[in-house]
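Subject: Model for your files

Hello,

Please find the structure below. My notes on it follow.

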Amino acid sequence: YFQFFGLWVLLDNQSFIAVLQESSTTLKVASYILITVGSLSMVMGFLGCIGAIYEIRCLLGLYFTCLLLILIAQVTAGVLIYFQRDRLQQEMSTIVKGMLVNYTGQNRTTEHSWDYVQRTMKCCGWVSPGNWLENVWIKNSSVSLYPCSCRNETLPGTDMNETGLCEHLSADRPVYQTGCMHSVEAWLLENCGVILGICVGVAVLELLGMILSMCLCKSVVQEDYTKVPKY
């Protein structure tokens, strides 16, 4: 599960995660750690199977030790994330606001992902649509511009582009009036619940694996290495 989740974080380009990928060092490091832990779990599972089949105590003990270390790492990571949540929230806010300031509509990896967020969540800017007034292109343009993905379809207007900057002729911009911060936080909390459930399930399986390896290790009276096939 860990490597799949880590790969999802690195490769996803259709959600808010994609906005954080290029700028958040914490997210990248966490993804690589998850992939490494997941790969290690697969290797340890293979060794544990060999130890159980051929009744090799040292492999069973190694399997138990690695499961224990992985479980401790999971708990430690969860505690750190919980106590660092305010810092992570601040980092997320800084990344998004910086992206809004330098938005051009040409960067497919982050800007188009943010456009997707605004369209699907029907919001504009981070705290409010006013965040877009700091955009370099909007501030220096001789015409009135607004982000196309903020376009509120219920308001009158002609431009219906999905990305980039659009021109508006009326006094009021035809955009959503709510920021995306609360919608994004709700989305993250919803997905965190799923992730937490998966992690709890994996932790239970790890505990069962540890108990099973201990029982097998105790049942092995004498190791017979002649059972192990030689290659």
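L67 is buried, at 8% relative accessible area (buried means under 20%, exposed over 50%, partly exposed in between, with a 1.4 Å probe and protein chains only). The model is predicted: local features need pLDDT of at least 70 and side-chain atom pairs pLDDT 80 or more, while totals for chains, interfaces and linings use all residues. Residues are numbered from 1 along each chain as its sequence is written, and side-chain values use heavy atoms, without hydrogens and water.

L67 belongs to helix α4, residues 57–83 (helices are DSSP runs of H or I with at least four residues, strands runs of E with at least two, numbered from the N terminus). Beyond its neighbours within four places in sequence, L67 contacts E206, G209 and M210 (heavy atoms within 4.5 Å). Its C-alpha atom is 9.4 Å from that of A203, 136 residues apart along the chain.

The largest nonpolar core has 21 residues, and L100, W114, C124, W126 and W132 touch the most other members (a core is a set of buried Ala, Val, Leu, Ile, Met, Phe, Trp, Tyr and Cys residues joined through side-chain atoms within 4.5 Å). Two or more residues each come from α5 (85–101), α6 (111–121) and β1, with the largest share, 4 residues, from α5. A separate core of 7 residues includes Y63, L67, L71 and M210.

R151 sits in the loop between β1 (145–147) and β2 (165–167). R151 is also buried, at 6% relative accessibility. A polar atom of the R151 side chain lies 3.0 Å from the backbone oxygen of L155, a polar contact (N or O atoms within 3.5 Å, one able to donate a hydrogen and the other to accept it within protein; residues adjacent in sequence count only if both atoms are side-chain atoms).

Regards
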